[in-house]
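Below is a set of questions and answers on a structure. Please look at the sequence and the model before reading on.

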Amino acid sequence: MSSHTGKFGEYGGQYVPEALMPAIEELEDAYERYVLDNEDGFMDEFRGRLADFGGRPTPLQRADRLSERYDTDVYLKREDLLHGGAHKLNNALGQVLLAKYMDKERIIAETGAGQHGTATAMACAHLGMPCEVYMGRRDINRQRPNVFRMRLNGADVTPVTVGRGTLKEAISETMRDWAENVEDTHYVIGSVVGPHPFPAMVRDFQRVISEEAREQVREKAGRLPDSVLTCAGGGSNTMGLFAEFVDDEGVDLYAVEAGGSSLEVDEKEGIAPNSATLSTGTDGVLHGSRTRVLQDRDGQIMESHSVSAGLDYAGVGPELADLVDRERVTAVNVDDDGALEGFHRLSQLEGIIPALESAHALGYLEDNHDALGDVILLNISGRGDKDLETVLEETHDRDIEGAPDIETFAATGGFQ
Amino acid sequence: MSSISEAFADGPAFIPYLAAGDPDYESSLAYVEALERGGADVIELGLPFSEPIAEGPTIQSAIVRSLEAGMTPTRFFEFVADLDVDVPLVCMTYYNLIAQFGEDGERGPEAFVRRAAAVGIDGFVVPDLPAEEAGPLREACDEYGCELVFIVAPTTRGDRLERIMSQVSGYVYVQARLGTTGARTSVSDQTEESLARIADWDVPKAVGFGISTGDHAQRVIEAGADGVIVGSALVDIVAQGAERDDPAVTVASKLEGKARELKEGALRGASTADGRPHPERT
């Protein structure tokens, strides 16, 4: 995997306005010194804070009832138990700490589902940095608990109303803020996307997931897994989980994308009713890097869709795109229905309410466990508390095995 | 001498920008033509991209209006062919549209520049394409005799200046201040510092970002620029016209008047600057 060149095969690079290039070069230098070379003990401090503040290591749990259901060994990496309820803290804490080492005075971030914004707000409060988070209007409406959590941690949440008001627009808006305030501000990108060094740097902050998981699975199962699977939106938990397994040729890697309501696209309206970028996207340039994107034939970026706000993005990390091209990672997808079923199944069988993002991986496991081997490692990238209102609404219209009787729940007053 | 270089030969160049097809194809043709009547020496035409990360709210809204009215790269080239203007035209767009243009098997900069040159485009500005990634587009521009304009920002220093200098042609777009495009009420002090850093470059310097009045244009030329680039102040006139549903002829007339004000400001700046020491003219 490349760290220094900024290129992953044909993908990656730095496609940003000139005003940002000096900041990107400054960040590249800081990434190499502090993250790769551990200058001033940066990585030691990062690991220490991940342990004490973040609660690492997170457990690897054998899911007994899922294992029984599929007659195989299913291990869950419990990133939902990380402080804040998602893997996002690994990256946010790393970047905010790096910004402090770089003497930056202000943090900006964008967020889709709100988990990255929440993690960034927490890291900023922890490290004493002012924080502004851009969030699409539509996402604010569907992720209200996270918005409140960000405010509780002292962050300003700025609504983005242009376009459809989701993550894509929020990223563009944050880049504009960065262009205006680049001299004293660091932009904490929330995934393995954007211009170099972000894709490599975010992967390295998330790599701790696979460092732990690889050791834990060897200890518990006595060997490496046959298959490793997790959800893929931008791809940060995906690359974090895959990083240490990429060289293990006997381990199959599955990136489970959001199939949304359909894999067909509406070219005329410019809408892809899915976020399956690796499965259906094409080579393009978006938000600072060359990667796979959902676009029409002219190169205009499409509106994406997923029941899970955290996967609802028209791009994907360039390294992941390259790994799929090289057939090291298999890109698959699960639709909204399958994800909701996975959500209820894990809640009922294991007492774990997963994020709707992770529920896509659980949906894939249900239908494909026979092909995944005897030892399966699956990442629960976050917990599902943030998704309860969405799940209530979406379950209402569907007949889902194992789901509670939503009609009765609604009739008795729901959340009121 | 290329047509863009010629535009700078006889005094300060006034370079207006409009998003092609904003708010609709026919009106936009009339608006661009009005800019030439108002004194434009070069015209920058925006080919709208759905994620314009370098633009502020004014031009972003123009891009949305144009896209909603059906603008596409193919339609853009028809638009250029339909324009009745004699001044050089520069296409301002984002790299993904260039990378995707053409038929399968030959998509990319070569196909894009070939088509653009055929309809009369003389140069390109691509805000999300830094010099490091510009190789394929630079080659295509050389092949078809087009200029490739790069932006120098207030933050650009050292090696980056060298890299840009080795790639730029036509004119260098000097970004007057940090941030995104958008009209402002004053001209930034960063302008003079930026111009001083590139004073010895052998290419005309045109200043853009935040210039909205004849007085701003005058100041920028006095500060040593060879040209002024104005976008948002003109796009504002188009936006107001669209909002109020004014007849295209009324909006075109306002654009022509605004263009004249800006051009005259630039000319005033040149005559004032001629009377005192100046990095370009001493």
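Q: Which residue of chain B forms a salt bridge with A:Lys7?
A: This is a predicted model, in which local features need pLDDT of at least 70, side-chain atom pairs count only at pLDDT 80 or more, and totals for chains, interfaces and linings use all residues; side-chain values use heavy atoms, with hydrogens and water left out. Residues are numbered from 1 along each chain as its sequence is written, while chains are lettered from A and ligands numbered from 1 in the order in which they are written. A salt bridge is a side-chain nitrogen of Lys or Arg within 4 Å of a carboxyl oxygen of Asp or Glu. With its closest N and O atoms 3.5 Å apart, the partner of A:Lys7 is B:Glu133.

Q: How many salt bridges does the rule find across the interface of chain A and chain B?
A: Over all chains the count comes to 50 salt bridges. Across the interface of chain A and chain B, the rule finds four.

Q: How many residue pairs are in polar contact across the interface of chain A and chain B?
A: A polar contact is a pair of N or O atoms within 3.5 Å; within protein, one must be able to donate a hydrogen and the other to accept it, and residues adjacent in sequence count only if both atoms are side-chain atoms. With both residues at pLDDT 80 or more, the number of pairs across this interface is 19.

Q: Which element supplies the largest share of the side of chain A that touches chain B?
A: Helices (H or I, at least four residues) and strands (E, at least two) are DSSP runs numbered from the N terminus. On this side, α1 (21-36), α8 (167-181) and β11 (282-286) of chain A each supply at least two residues. The largest share, six residues, comes from α8(A).

Q: What area do chain A and chain B bury between them?
A: Contact means heavy atoms within 4.5 Å, and it takes 31 residues from chain A and 38 residues from chain B. Buried area is the accessible area (1.4 Å probe) that two parts lose on being put together, summed over both. Carbon and sulfur atoms account for 48% of a total of about 2,900 Å².

Q: Why does the salt bridge of B:Arg160 and A:Glu25 join two chains?
A: The closest N and O atoms of B:Arg160 and A:Glu25 are 3.1 Å apart. The pair joins two chains because B:Arg160 lies in helix α8 (residues 158-167) of chain B and A:Glu25 in helix α1 of chain A.

Q: Is B:Arg160 buried or exposed?
A: Buried means under 20% relative accessible area, exposed over 50%, and partly exposed in between (1.4 Å probe, protein chains only). A:Glu25, at 27%, counts as partly exposed. B:Arg160 has a relative accessible area of 2%, so this residue is buried.

Q: Which residues do salt bridges that share partners join into one network with B:Arg160?
A: The side chains of B:Arg160 and B:Glu132 meet in a salt bridge of 2.5 Å, N to O. B:Glu132 lies in the loop between β4 (121-125) and α7 (135-144) of chain B, so its pairing with B:Arg160 ties together parts that are 28 residues apart in sequence. B:Glu132 is partly exposed, at 32%. The network joins B:Arg160 with A:Glu18, A:Glu25, B:Glu132 and B:Arg163.

Q: How many residues apart are A:Arg56 and A:Glu212?
A: These two residues form a salt bridge, with the closest N and O atoms 2.8 Å apart. A:Arg56 is in the loop between α2 (42-52) and β3 (60-62) of chain A, and A:Glu212 is in helix α10 (residues 208-221) of chain A. Both are buried. They are 156 residues apart.

Q: Which residue joins its side chain to that of A:Gln14 in a polar contact?
A: A:Gln14 lies in the loop between β2 (11-12) and α1 of chain A, and is buried at 11%. Not counting residues up to four places away in sequence, A:Gln14 touches residues of both chains, including A:Met21, A:Pro195, B:Pro130 and B:Glu133. The polar contact, of 3.2 Å, is with A:Glu28.

Q: How many of the eight residues of helix α13 (residues 318-325) of chain A are buried?
A: Among the buried ones are A:Pro318, A:Leu320 and A:Val324. The helix is mostly covered, and the number buried is seven.
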